[in-house]
Amino acid sequence: MDADGRLLDVHGLTKRFGGFVALNNVSMHLNPRERLGLIGPNGSGKTTMINCISGALFNEEGSVVFRGEEITGLPAFKRAELGISRSFQIPRPFRTMSILENMLVPMEYAAWGRVDHATHEDRAMEILALVGFQDRAQENSGNLTQVDLRKLELARALAAQPDVLVSDESMAGLSSAEVDEVLEILFKLNERGVAVIMIEHIMRAVMRYCERIYVLDAGQLIAEGTPEEIQGNPDVERAYLGE
Amino acid sequence: MKISGFWIGIVLVLAAGFVLAGVADNQFLFFAGYVVLQGLIMAVAWNVLGGFTGYVNFGSAGFFAIGAYTAIALHQFAELPLLVLIVIAGIVCGLIGLGTGYLTLRLRGVYFAIATLAMAIVFESLITNWDYVGGSAGAYVITPAEVPFFDSFIEMMFILMLVLSLICVAVSRYLSMSRMGRGLASIRDDETAAECMGVPTLRLKLISTTVMGVMMGVAGAPFPFFVTYINPLSAFDLLIAVNAIAMPMIGGTAVWFGPVIGALLLGTIQQIVTVTISSELNILIVGVVLIGFVALAPRGIVGLFQDFARKRRGGGK
């Protein structure tokens, strides 16, 4: 935690791709155990933002501070070791491995220095129970359905024993009932003390889940507030619907 | 401490090798055995990078030739014992593996495969133009007529290769079954996801190319002493290179014993065919068998058995 009690602090972050400015001087923060939403139209810079947070991309200007420690230049695997975990928009399972083996990768790498090695399998099974996979641990991950892949994606991110989970469109393309199922999982893992950054286009889910929301538009931060405040914000309406 | 079946197996194989050396008179057995074991080491080496890590490449047999020529160069320089040559060749090839790994691992898939192929060609040109090791004319090695402890030189070479094979198999098994093995497998399946799950992908890939280089070099260093005459064409032989890929593919690339099975099977068939039919037919057999496996059983013999076992257990999933 830094002086303000913040878990994650992004300050004045700018990311360019050639001449295109994907993110322009964006600052945001995340409190411990918070459920934070990050929304905005397509191409507004949401995924670029979490790529800069997780280390998949490096920002040109600005800083990313995690638990009071500057992590701006650290490679992705180091950030995972520190406790920043992410799921991918398009699920990326380790296809030749079983569900359980998928869970053991983050346990044996990201969480290796923080968790008793003898309890790896028990912990993995406990997380699998959370997403309803307790009886399917030996199944091959290559044959899972879309919704099951999303669940595995979240379970695996959780197996890294993170303090922050970045969920990148975990619900895109799911049916209404499936969205509720995934939301339930996200609520449960937040109860376990994990702060969540949710990137999502399904407004129903964002409004129900998040305590605080940031809105990005064309690389600029245009609003911040509670779900109610965001819903009543004219700038946000304009960004989504146009003039 | 619990002694696993694997180590008992290692001891038994070694003992069988020594018994064979004591009993058998037919020198061809040792000659053929050496060739099969050389293929086995190369298959195991290729599989560390191509199978476990998923970086399929065509250049790793180039490391075999570098190992052979390191031994030749050192042999010209000073008549060092063969074991010392093997160790140094292993180190040299390991370092070259590390260096080329650093240069080429940014590439993936077919681009990586082409880069490694190009690298092998570059090395072949360099050696063809290096007079100290004989250039394109090649180099001769005089082998001793008598060796201590063994009945003949070829017998000693066979036992040497057997010991080296067992070491390489043990290392490969350790790599695949340890935590590192899971890390390598995660790189093979999805490198980006692996990195985000805390796997230090660059470091593991460099370890993988280094281990591959060391094993290839170790397989290549005794080669000039085995054939007594070596030139760039024979060291960078296409068949040697293709075998190193075909054997793991046929056996199965995902597990440590896949390349072992593939090497023993394909290597033995090749020796039998060479003797009974013709040495030219060899190449045809490798090609046909390889195409057959890639088309019909992409996970190799091990994969076939796994599917069979799963079906018998029922479920069919």
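**Exercise 1. Find which residues B:Gln271 is in contact with, leaving aside its neighbours within four places in sequence, and decide whether it is buried, partly exposed or exposed.**

Solution. In this predicted model, B:Gln271 is in contact with B:Ala32, B:Val35 and B:Val36, once its neighbours within four places in sequence are left aside. B:Gln271 itself has its place in helix H13 of chain B. For the second part, a residue is buried if 20 or more other C-beta atoms lie within 10 Å of its own, and exposed if 12 or fewer do; B:Gln271 has 19 such neighbours and therefore counts as partly exposed. As for B:Leu12, which stands 259 residues away along the chain, its C-alpha atom is separated from that of B:Gln271 by 24 Å.

**Exercise 2. Describe how helix H2 and helix H13 of chain B pack, and state which residues make the contact.**

Solution. Two packed helices are described by the angle between their axes and the distance between the axes. For H2 (residues 27-52) and H13 (residues 257-276) of chain B, the angle is about 145° and the axes are 8 Å apart, and H2(B) passes H13(B) in a right-handed crossing. The residues that H2(B) gives to the contact include B:Ala32, B:Val35, B:Val36 and B:Gly39, while among those from H13(B) are B:Gly258, B:Gly262, B:Gly267 and B:Gln271. Sorted by class, the residues of this contact are ten nonpolar, eight polar and no charged.

**Exercise 3. Determine how H1(B) and H6(B) are oriented to each other.**

Solution. The axes of helix H1 (residues 5-23) and helix H6 (residues 153-177) of chain B come within 10 Å and cross at roughly 170°. Since angles over 145 degrees count as roughly antiparallel, H1(B) and H6(B) are roughly antiparallel to each other. Among the residues in contact are B:Phe6, B:Ile10 and B:Phe18 of H1(B), together with B:Glu155, B:Phe158 and B:Arg173 of H6(B). By class, this contact has eleven nonpolar, one polar and two charged residues.

**Exercise 4. State which elements of chain B give two or more residues to the side that touches chain A.**

Solution. The contact joins 18 residues of chain B to 20 residues of chain A. On the side of chain B, the elements giving two or more residues are helix H7 (179-189) and helix H8 (191-196), and the largest share, six residues, comes from H7(B). The residues on this side divide into eight nonpolar, five polar and five charged.

Terms used. Residues numbered from 1 in each chain as written. Chains lettered and ligands numbered in written order. Predicted model: local features only at pLDDT ≥ 70, side-chain atom pairs only at ≥ 80, totals over all residues. Axes fitted to C-alpha atoms, helices over the stretch in contact; angles between N-to-C directions. Helix = DSSP H or I, 4+ residues; strand = E, 2+ residues; numbered from the N terminus. Parallel < 35°, antiparallel > 145°, perpendicular 65-115°, else oblique. Contact = placed C-beta atoms within 7 Å. Nonpolar A, V, L, I, M, F, W, Y, C, P; charged D, E, K, R; others polar. Left-handed = near helix turned anticlockwise from the far one by under 90°.
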